[in-house]
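Hi,

Here is the structure I promised to send over. Have a look at it first, then read on for what turned up.

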Amino acid sequence: MDTAALQSSWQIVAKSGDDVPLYFYSHLFLSHPELRELFPISMSAQRDKLVGALGRIVSQVDQLGEVAPFIAQLGREHRRFSVVAEHYGAVGASLLATLKHFLGPAWTPELAADWSAAYGLIAQTMVQAAEEAADTTPAWWSAEVTAIERRTLDVSVLRLEPHERYDYRAGQSFAMEVPQRPRQWRYFSPANAPRRDGSIELHVQLVDGGQVSTSIVRSTRVGDTVRLGAPIGTALTLPDDFAGDLLMVAGGTGLAPLRAVLEQLDRRWQVTGEAPRTHLFHGVRLPWSLYERELLSQLAHRPWFDYTEAVSDDASYPGPRGPVGTVAARGGNWRGRTALVCGSPAMVEHTVAKLVEAGISREHIRFESFGAAGDVNQSQQEATGKVMGSE
């Protein structure tokens with residue numbers, strides 16, 4: 001398999017921009033109209049997610065060993081879209097037809113064979129992972145919305161009660177589909193560590209133009225049933241016996257997974273009297289968006305926890321002002337600490353750069369890789385992992 005030819009041919013195709021997904025979806029839905037129902041009603045946000053992701057993954061098939069866990073996770077995740085093995089064949093055929101169309105004479109039999117083989121490897125990995133997962137877990141879990149609180153102008157707090165046992169770890173995320181926006185799954189992080197009653201608290205931030213966040217904040221009602229995907233992510237999770245000191249930096253509702261970890265640490269402190277020394281910086285644009293001030297201020301009475309607020313867009317704010325990453329980096333000597341960072345992709349990138357400048361080694365800075373996709377809670381994880389049938 002000539003991986004260099006795969007990559008160079010994909011780069012040529014990608015230069016055609018939006019025409020590529022337009023051709024791909026036209027071919028796919030004309031060839032297999034039954035697949036249309038797997039995708040959102042509005043395709044405006046779908047754009048190049050499927051074909052773009054496929055192209056990038058397949059053209060990097062020479063790194064299959066490194067990306068295999070990610071691809072397997074994709075396969076497991078796509079169970080919630082009702083994707084089955086035969087769908088991969090239809091998608092692969094449309095992908096190859098798209099490549100042939102845009103490459104023209106450069107689409108040689110040898111190149112076609114390489115693309116076919118590479119796609120086959122990827123599809124096989126995804127299908128096998130999905131089939132293995134189906135033996136032990138459902139494709140999704142149903143949960144009832146039992147409480148809704150509009151905490152600030154743009155943040156709502158939802159309480160969910162899954163109908164079946166739902167196991168996750170503090171710091172993980174899951175995709176959620178609300179009835180008002182079918183087939184538009186979005187990633188959120190529980191803001192609490194697992195509880196005995198199984199309830200889950202979500203922080204949802206209203207984003208201008210965000211279809212799903214708008215529906216959740218304005219239209220979700222107590223009694224609604226939502227669907228939850230399997231929990232994913234390990235970067236922000238900690239073992240119960242974690243040793244060492246922590247620095248947490250959160251932007252907006254990116255606070256949620258870190259708040260869950262704080263709850264985990266506080267339980268440990270209440271039982272053992274010990275917990276890692278932890279300093280949390282929570283940054284927002286305007287002071288009235290500090291939606292967990294009361295709880296975090298109370299928690300700051302614990303001997304192991306410190307809390308600092310940062311506001312970026314209000315010159316009259318009397319406390320620390322500026323991007324939260326900048327405030328955190330200049331807020332102390334953090335060498336030797338493990339840093340957990342969560343927020344929008346831009347916030348995470350900026351914060352990591354500032355922490356490295358402040359002397360924290362990059363390998364001690366942990367964050368999830370969010371955000372190729374774009375709507376909704378940028379600070380609440382719009383994962384890159386959605387390929388088929390997602391927005």
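Before we get going, one definition: contact here means that heavy atoms lie within 4.5 Å of each other. Keep in mind too that this is a predicted model.

Which residues of H8 are the buried ones? They are Leu255, Ala256, Pro257, Leu258, Arg259, Ala260, Val261, Leu262, Glu263, Gln264, Leu265 and Asp266. The length of H8 works out as well: at 1.5 Å a residue its 18 residues should span 26 Å, and the end C-alpha atoms are 25 Å apart, which agrees. Just after H8 comes Gly273, with a positive phi of about 80°.

You'll see it in the loop between strand E6 (225-228) and E7. Is it buried or exposed? Leu238 has 4% relative accessibility, and under 20% counts as buried, so Leu238 is buried. Not counting residues up to four places away in sequence, Leu238 touches Arg169, Leu246, Val261, Gln264, Leu265, Leu340 and Arg366. Pro21, on the other hand, is 217 residues from Leu238 along the chain, and their C-alpha atoms are separated by 40 Å.

In soluble globular proteins, nonpolar side chains tend to be buried together. The largest nonpolar core here has 41 residues, and Leu28, Leu99, Trp115, Tyr119 and Ile122 have the most contacts inside it. At least two residues of this core come from each of helix H1 (3-14), helix H2 (19-31), helix H3 (49-58), helix H4 (64-77), helix H5 (85-103) and helix H6 (109-134). H6 gives the largest share, eight residues. Apart from this core lies another, of 28 residues, including Val155, Phe242, Leu280 and Cys342.

Leaving out residues up to four places away in sequence, Trp115 touches Leu6, Ser9, Trp10, Gly55, Val58, Ser59, Leu96, Leu99 and Trp107.

How do the helices pack? Take H4 and H6: their axes come within 7 Å and cross at roughly 50°. That makes H4 oblique to H6. On the H4 side the contact includes Leu64, Ala68 and Ile71, and on the H6 side it includes Leu121, Ile122 and Thr125. The crossing of H4 and H6 is right-handed.

H1 and H5 have axes 9 Å apart and pack at an angle of about 75°. These two helices are therefore roughly perpendicular to each other. Here Ser9, Trp10, Ile12 and Val13 in H1 meet Leu99, Phe102 and Leu103 in H5.

H5 has 19 residues and reaches 28 Å from its first C-alpha to its last, close to the 27 Å expected at 1.5 Å a residue. Its buried residues include His87, Tyr88, Leu99 and Leu103. Following H5 is Gly104, whose phi is positive, near 60°.

One last stop: Gln63, in the loop between H3 and H4. Gln63 counts as partly exposed, because its relative accessibility is 31%. Thr3 is 60 residues from Gln63 in sequence, with the two C-alpha atoms 9.6 Å apart in space.

Cheers

Notes. Residues are numbered from 1 along each chain as its sequence is written. This is a predicted model: local features need pLDDT of at least 70, side-chain atom pairs count only at pLDDT 80 or more; totals for chains, interfaces and linings use all residues. Side-chain values use heavy atoms; hydrogens and water are left out. A nonpolar core is a set of buried Ala, Val, Leu, Ile, Met, Phe, Trp, Tyr and Cys residues joined through side-chain atoms within 4.5 Å. Buried means under 20% relative accessible area, exposed over 50%, partly exposed in between (1.4 Å probe, protein chains only). Helices (H or I, at least four residues) and strands (E, at least two) are DSSP runs, numbered from the N terminus. The expected span of a helix is 1.5 Å times one less than its number of residues. Axes are lines fitted to C-alpha atoms, for helices over the stretch in contact, and angles run from 0 to 180 degrees between N-to-C directions. Angles under 35 degrees count as roughly parallel, over 145 as roughly antiparallel, 65 to 115 as roughly perpendicular and the rest as oblique. A crossing is left-handed if the near helix is turned anticlockwise from the far one by less than a right angle, and right-handed if clockwise.
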